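The sequence and the structure come first.

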Amino acid sequence: MSKELLLKTEGLTKKFVSGNRKNRHEVIAVDHVDLEIGRGETIGLVGESGCGKTTLGRVILRLIEPDSGKIYFRGEDITRVNMRPYRRKMQIIFQNPSGSLDPRMKVSDLIGEGIEAGGSYTRAEKEERLHYLMERVGFIPEMASRYPSELSGGQQQRVGIARALAVNPEFIVCDEPVSSLDVSYQAQIINLLKDLREELGLTYLFISHDFSVVRNISDRVAVMYLGKIVELGTGTEITDHPAHPYSQLLISAIPSMERNERPVSSEQMIFDKPPTGCRFRYRCPRAQEICEQEEPALTQRSGDHYCACHFE
Ligand SMILES: Nc1ncnc2c1ncn2[C@@H]1O[C@H](COP(=O)(O)OP(=O)(O)OP(=O)(O)O)[C@@H](O)[C@H]1O
Ligand SMILES: [Mg+2]
């Protein structure tokens with residue numbers, strides 16, 4: 001991790017209540033997550049569908065309010081503050097680019113809207129900035145007059161990226177930015193995000209259910225299972241020496257993920273009372289009595305490598 005800490009969460013927790021009045025249950029989507037992200041670093045967040053990745057990303061940006069815990073950005077506690085001054089610095093790129101773009105707006109207007117959100121510019125400055133952003137994301141000027149329906153999925157995602165960049169962010173949550181794209185476009189968008197990171201000194205929280213994508217772009221990887229980070233380490237360390245049985249399961253599934261199959265979704269974490277013990281124990285080949293009784297904490301294994309399991 002780089003020396004300067006950009007973002008930090010402490011015990012970040014978000015619960016959802018669903019069901020009807022008779023059958024109410026709580027889903028702990030994000031459960032006491034502690035995460036530190038250095039400036040310029042990319043943290044990959046990986047885990048099955050429903051494990052809480054999107055919720056964690058959105059809670060960090062305060063697009064969803066946390067129930068408890070703290071969020072620090074550039075050392076400032078932003079858990080309860082008015083987010084207006086921070087919005088520009090903290091952006092999100094969505095999974096489904098077409099759904100996040102107004103179909104009645106042209107590319108120039110969609111990006112222009114982002115530029116206007118970033119500050120007051122003269123017409124000429126705005127024009128110049130549009131030109132710059134279009135070029136940055138790989139568009140020729142003629143694309144400016146296109147509508148979203150006239151763009152490929154990869155091009156729509158480039159518009160989403162330009163809009164996020166328009167306000168000069170420091171931190172971007174990339175929520176499955178390539179999952180809805182054809183494999184042929186995925187590498188292009190990943191490479192674009194990597195180039196932008198280098199040039200603009202961006203910091204990413206890169207969310208994906210696909211371990212091979214996350215490994216490719218991330219400095220460190222956080223493996224999430226039912227609301228908890230169960231393993232954290234460098235991409236190579238986790239790939240070569242996964243310590244948590246759940247990470248081992250995800251990594252053993254890489255060949256099938258590379259065929260772009262979505263892994264099965266984890267059973268929802270529905271509790272009437274707080275869970276006891278390790279929440280992976282139901283699926284764990286190593287589970288023993290202690291796993292039922294005690295929740296394993298995320299503890300250091302070596303250097304940057306942390307794992308939440310009672311066993312070596
Ligand atoms: N607004 C909501 N109301 C109720 N439950 C919700 C809400 N949003 C998310 N959840 C629940 O919280 C849990 C985590 O959802 P989340 O969308 O964060 O998972 P995810 O890891 O992003 O999954 P995916 O890979 O499918 O995008 C799930 O059990 C989900 O059903
Ligand atoms: Mg999600």
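In this predicted model, helices α5 and α6 cross in a right-handed sense. On the α5 side the contact consists of G153, G154, Q157, I161 and L165, and on the α6 side of Y185, Q188, I189, L192 and L196. Sorted by class, the residues of this contact are 6 nonpolar and 4 polar, with no charged ones. Helix α5 spans residues 153-165 and helix α6 spans residues 183-200; their axes lie 10 Å apart at an angle of about 15°. Angles under 35 degrees count as roughly parallel, and α5 and α6 are therefore roughly parallel to each other.

**Other helix pairs**

With α5, helix α3 (residues 107-118) makes an angle of roughly 25°, and the two axes come within 7 Å. That angle makes α3 roughly parallel to α5. The crossing of α3 and α5 is right-handed. Residues V107, L110, I111 and G114 of α3 meet V159, A162 and R163 of α5. In the contact of α3 with α5 there are 5 nonpolar residues, 1 polar residue and 1 charged residue.

Helix α3 passes α4 in a right-handed crossing. The contact draws S108, I111, G112 and I115 from α3, and K126, R129, L130, L133 and M134 from α4. Its residues comprise 5 nonpolar, 2 polar and 2 charged.

The table collects the geometry of the packed pairs.

| Helix pair | Angle between axes | Axis distance |
|---|---|---|
| α5 and α6 | about 15° | 10 Å apart |
| α3 and α5 | roughly 25° | within 7 Å |

**Covered helices**

Helix α1, residues 53-60, is mostly covered, with 7 of its 8 residues buried. These are K53, T54, T55, L56, G57, V59 and I60. Just after α1 comes R62, which has a positive phi of about 60°.

In helix α9, which runs over residues 245-252, the buried residues are P245, Y246, S247 and L250. Elements that cover them include the strands β3 (42-46), β9 (220-225) and β10 (228-234), together with the helices α7 (211-217) and α8 (235-240).

**Loop residues**

N168 lies in the loop that joins α5 to β7 (171-175). Its phi is positive, about 60°, although N168 is not a glycine. A residue counts as exposed if 12 or fewer other C-beta atoms lie within 10 Å of its own; N168 has 12 and is therefore exposed.

E176 is placed in the loop between β7 and α6. E176 is not a glycine either, yet its phi is positive at about 50°. The cut-off for a buried residue is 20 or more such neighbours, and E176, with 21 C-beta neighbours inside 10 Å, therefore counts as buried.

E142 sits in the loop between α4 and α5. With 9 other C-beta atoms within 10 Å, E142 is exposed. E142 and E199 are 57 residues apart along the chain, and their C-alpha atoms are separated by 25 Å.

**The chain as a whole**

The protein chain contains 11 helices and 13 strands. Along the principal axes, its C-alpha atoms fill a box of roughly 70 × 45 × 40 Å. A compact globule of 312 residues would have a radius of gyration near 20 Å, and the 20 Å of the protein chain agrees with this. Of the 312 residues, 39% are buried. Among the contacts between residues at least 6 apart in sequence, 69% join residues at least 24 apart.

Conventions:
Residues are numbered from 1 along each chain as its sequence is written. Chains are lettered from A and ligands numbered from 1 in the order in which they are written. This is a predicted model: local features need pLDDT of at least 70, side-chain atom pairs count only at pLDDT 80 or more; totals for chains, interfaces and linings use all residues. Helices (H or I, at least four residues) and strands (E, at least two) are DSSP runs, numbered from the N terminus. The radius of gyration is taken over C-alpha atoms; the globule rule is 2.2 Å times the number of residues to the power 0.38. Two residues are in contact if their C-beta atoms, placed from the backbone, lie within 7 Å. Axes are lines fitted to C-alpha atoms, for helices over the stretch in contact, and angles run from 0 to 180 degrees between N-to-C directions. Angles under 35 degrees count as roughly parallel, over 145 as roughly antiparallel, 65 to 115 as roughly perpendicular and the rest as oblique. A crossing is left-handed if the near helix is turned anticlockwise from the far one by less than a right angle, and right-handed if clockwise. Ala, Val, Leu, Ile, Met, Phe, Trp, Tyr, Cys and Pro count as nonpolar, Asp, Glu, Lys and Arg as charged, and the others, Gly among them, as polar.
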